[in-house]
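Please keep the sequence and the coordinates at hand while reading.

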Amino acid sequence: MASAQRQLIVVVGGQSYALPGENVVEVLRRPRVTRVPHGPPALLGVSNLRGAVLPVVSLAKLMGTTQGSEERIVVLDLAGAAGLLVDAVLGLDLAETASANNQVDIAALLEKGFRRRATGTAADRQQLVVTPARDEARDEQRILIAFLVHGQTFALPLDAVIEVLRLPETITRIARADAAVLGLANVRNHALPILSLSSILGFALDGNDISARRVLVVEHEGAQIGFAVAAIEAIMRLDETAIDAVPPILQRGRGHAELDAIGRQGAGRPLVSILSVSRLFANETVGATVDAKSKEANSVAERSVTQKQEQFVVFDLGDERYGLPIAAVQEVVRLPDRVTRLPNGPRFVAGIINLRGRPVPIIDQRQRFDAPSAKDATQPRVIILAVGGLQAGFVVDAVSEVLSIAADSLAVAPPLSSERSAVFSRVANVGADGQLILLIDPGELLSRAEQDVIAEIAARQDPASTA
C-alpha cells in the first residue's frame with residue numbers, strides 16, 4: 001500500500017485548509033514585501049528570501065475568501081518558489097486524518113489566478129541589455145549629474161560617478177581628521193570615506209554638514225571617495241557650445257580651483273559649476289584621505305573588474321522605489337512650472353514640455369503605477385527616455401539614487417504577474433535589510449498603442465512636421 005501523503009494544515013480567515021505537504025519548503029514569519037503595481041489581486045508583491053526573489057501571494061485572495069491576519073508565509077515549490085500568506089500553521093497531518101479540512105488544489109488556483117501572455121523566456125529577459133539610441137548630436141554634448149551644495153548648482157561628469165546613495169545613518173568619525181572629513185561608512189561591505197563637498201569647496205569649515213542628504217561615490221585612478229551633497233538636481237546634457245571656461249578671477253579663492261568649466265542651462269535657469277574630478281582628488285584633504293585608504297581602494301577596484309556591475313537610476317513614487325537602466329535615461333530634469341495641457345488627450349499624458357526647443361510628451365507615472373499621493377513630493381522630476389524611437393518624459397516624485405548593482409544581486413522578475421506588470425523585467429536585491437527594487441524594461445514602458453498615440457502627438461506638435 002502506498003504511503004500516506006502528508007498535508008500542511010493552515011488557517012485562513014478562521015477556516016482550516018490542507019495544502020499538499022510534498023510541495024512545502026519552509027514556513028516563516030511574514031517578510032517585508034515590495035508591491036508590484038498592476039499585479040493580479042492575489043499577488044501582494046515580492047520578497048527577498050535569502051537572496052532569491054519570492055512572489056508573495058495572499059491565499060485568502062486567491063480563494064476569494066476573507067483575509068485574516070496573514071502572519072505566516074508558507075514557501076512552496078511549484079515549478080518555482082512561491083510564498084502563500086496564511087493566518088497560522090497548525091502542523092502536518094496524514095491525508096487520512098486531514099480529510100475534515102478543506103483540500104486546496106494550490107497548483108490549479110495559481111494557474112487560474114496568474115495566467116498571462118508570455119513575453120519571452122526567463123533566459124531572454126535575464127540577458128536584457130539596454131543600448132542608448134544613436135544620436136550624432138550627443139557626440140558634442142557632455143552628460144553631467146547636477147547637485148546642490150550650499151544652495152548652488154554644481155555638476156560632475158556622469159561617467160565619473162559610480163553611484164549616488166542616501167547619506168548613511170551611521171558614519172564613524174575619524175580622530176584628528178580634517179574638518180571636511182565626515183567619517184567612514186559601511187557601503188557594500190567596505191569602508192567608504194565620506195567628505196563634505198561643501199567644506200572642500202570652501203563653503204562650510206566644520207565637519208558637521210547638516211545640509212548633506214546624498215553621497216556621490218566618485219572613482220578616480222582606482223580610488224573611491226564619497227562626497228556629501230545637499231540634493232541631486234538632475235542628469236543633464238549640455239551642448240559644448242553652452243559650456244564656457246572658468247574666468248581666471250574665480251580660480252583665486254579657496255575651493256574654486258576644483259572648477260573645470262561653467263555650464264549655461266538657458267531659459268532663466270542658474271549657471272552650473274562643473275567640477276574637475278582630477279582636481280578634486282588633487283585637493284590636499286581628498287588626497288590625504290585617498291592615501292590613507294589606498295590599499296582598500298585598490299582592492300575595491302579589483303573587485304569591480306571581476307564582478308560585472310550595472311548602473312540604474314532609482315526613482316520614488318509614493319513609498320515605492322523603482323529602477324531604470326542608466327543607459328536608457330537621456331536626462332533627468334525638474335518638472336517645469338509650465339506644462340502645455342492637451343485637450344481631449346489620453347488620460348496618462350500629462351501634457352507637453354519644451355526641452356531645448358523640442359516638444360516632449362510627459363507621462364504621469366502615478367496613474368500608470370497606481371501609486372498613492374506623495375506626501376512630500378515638493379520637487380517632482382521628469383525622466384527623459386527614448387522608447388521605440390520615440391522620446392517621452394516620465395513624471396516621478398523624486399530621483400533618489402544612482403546605484404551600481406552587481407550581477408549576482410539581479411534576478412529575473414517572477415512570472416506570477418499580470419500582463420500590465422510585464423514592464424518589470426528584473427528585481428535588484430539591495431541593502432542588508434533585504435530591500436528589493438523593481439527594475440523596469442524601457443522597451444515595455446509604453447505599449448504599442450501608447451507609442452502610436454505619443455508619435456501622433458509629437459508629430460502634431462513639431463512645427464517641422466507641418467512645414
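Contact here means heavy atoms within 4.5 Å. The model is a predicted one, in which local features need pLDDT of at least 70 and side-chain atom pairs count only at pLDDT 80 or more, whereas totals for chains, interfaces and linings use all residues. Residues are numbered from 1 along each chain as its sequence is written, and side-chain values use heavy atoms, with hydrogens and water left out.

A first stop is Asn 23, which is found in the loop between β2 (15–20) and β3 (24–29); strands are DSSP runs of E with at least two residues, numbered from the N terminus. When neighbours within four places in sequence are left aside, Asn 23 is in contact with Val 75, Leu 76, Asp 77 and Leu 78. With a relative accessible area of 17%, Asn 23 is buried, given that buried means under 20% relative accessible area, exposed over 50% and partly exposed in between, for a 1.4 Å probe and protein chains only.

Arg 173 also has its place in a loop, the one between β12 (161–166) and β13 (181–187), but this residue counts as exposed at 52% relative accessibility. The side chain of Arg 173 reaches the backbone oxygen of Leu 182 at 3.3 Å. The C-alpha atoms of Arg 173 and Ile 194 are separated by 9.9 Å, while the two residues are 21 residues apart along the chain.

The next topic is charged pairs. A salt bridge is a side-chain nitrogen of Lys or Arg within 4 Å of a carboxyl oxygen of Asp or Glu, and by this rule the count comes to 14 salt bridges. In one of them, the side chains of Arg 269 and Glu 233 meet at 3.9 Å, N to O; this pair links distant parts of the chain, with Arg 269 in the loop between β19 (259–263) and β20 (272–275) and Glu 233 in strand β17 (residues 231–239), 36 residues apart. Arg 269 counts as partly exposed at 37% relative accessibility, whereas Glu 233 is buried at 6%.

Glu 233 also forms a salt bridge with Arg 381, the closest N and O atoms being 3.5 Å apart. Because Arg 381 lies in strand β26 (residues 381–387) and Glu 233 in strand β17, the pair ties together parts that are 148 residues apart in sequence. Arg 381 is itself buried, with a relative accessible area of 5%.

A further salt bridge joins Glu 331 and Arg 356, whose closest N and O atoms are 2.7 Å apart. Glu 331 is in strand β23 (residues 329–334) and Arg 356 in the loop between β24 (349–355) and β25 (358–364), so that distant parts of the chain, 25 residues apart, are linked. Glu 331 is buried, with a relative accessible area of 3%, and Arg 356 counts as partly exposed at 49%. Elsewhere, salt bridges that share partners join Arg 166, Asp 316, Arg 321 and Glu 401 into one network.

The last topic is the nonpolar interior, where a nonpolar core is a set of buried Ala, Val, Leu, Ile, Met, Phe, Trp, Tyr and Cys residues joined through side-chain atoms within 4.5 Å. The largest such core has 90 residues, and those that touch the most other members are Ile 145, Phe 147, Leu 156, Leu 197, Leu 216, Phe 281 and Phe 315. Not counting residues up to four places away in sequence, Leu 197 touches Phe 147, Val 149, Phe 227, Ala 228, Val 229, Leu 275 and Leu 280. A second, separate core of 19 residues includes Leu 165, Ala 185, Leu 403 and Leu 439.

Definitions and conventions:
Helix = DSSP H or I, 4+ residues; strand = E, 2+ residues; numbered from the N terminus. Polar contact = N/O pair within 3.5 Å; in protein donor to acceptor, adjacent residues only side chain to side chain.
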